[in-house]
Structures are given as C-alpha cells and as structure tokens.
Amino acid sequence: MAKVQYQPTKNKQLTDAQEVRYAKVFKQADIAGGYRKPRVRAAKENNPELIN
C-alpha cells in the first residue's frame, strides 16, 4: 500500500472519490505555487519509500 502524502481536509466525512479528487487538486495547486518540489525532496530524503 502506498504511503499517503495529502490530507486536504480535517474532521470531514468524504467519499473515497472525493478524497482522491481533493488530493489531486491540492497537489496541482502545490505544484503551481512552487511549494511541492522542496517539500517532496526533503520528505524523500527522510523516507525514500514515499511516492510522488
């Protein structure tokens, strides 16, 4: 099983499809904003098993 990186909502009940959609939207927003690359690089240094 893949390790989860994105937890876009807290204390909300979402369907599995909604969770997948939110994760994709937040990932795209992070990439567009330039936040993802340095954080992913740092996270992978600490845990090489993480997925993109």
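Student: Helices (H or I, at least four residues) and strands (E, at least two) are DSSP runs, numbered from the N terminus. So which helix is phenylalanine 26 in?
Tutor: Phenylalanine 26 sits in helix H1, which covers residues 16–33. This is a predicted model, where local features need pLDDT of at least 70. Residues are numbered from 1 along each chain.

Student: Is phenylalanine 26 buried, exposed or partly exposed, and why?
Tutor: Phenylalanine 26 counts as partly exposed because its relative accessibility is 36%, between the cut-offs for buried (under 20%) and exposed (over 50%), with a 1.4 Å probe and protein chains only.

Student: How much of the chain is buried, then?
Tutor: Of its 52 residues, 10% count as buried.

Student: Back to H1. What span should it have?
Tutor: H1 has 18 residues and should span 26 Å, taking 1.5 Å times one less than the number of residues. The C-alpha atoms at its ends lie 26 Å apart, so the two values agree.

Student: What comes just after H1?
Tutor: Glycine 34, with a positive phi of about 80°.

Student: How many helices and strands in the chain?
Tutor: Two helices and zero strands.

How values were computed. Predicted model: local features only at pLDDT ≥ 70, side-chain atom pairs only at ≥ 80, totals over all residues. Heavy atoms only, no water.
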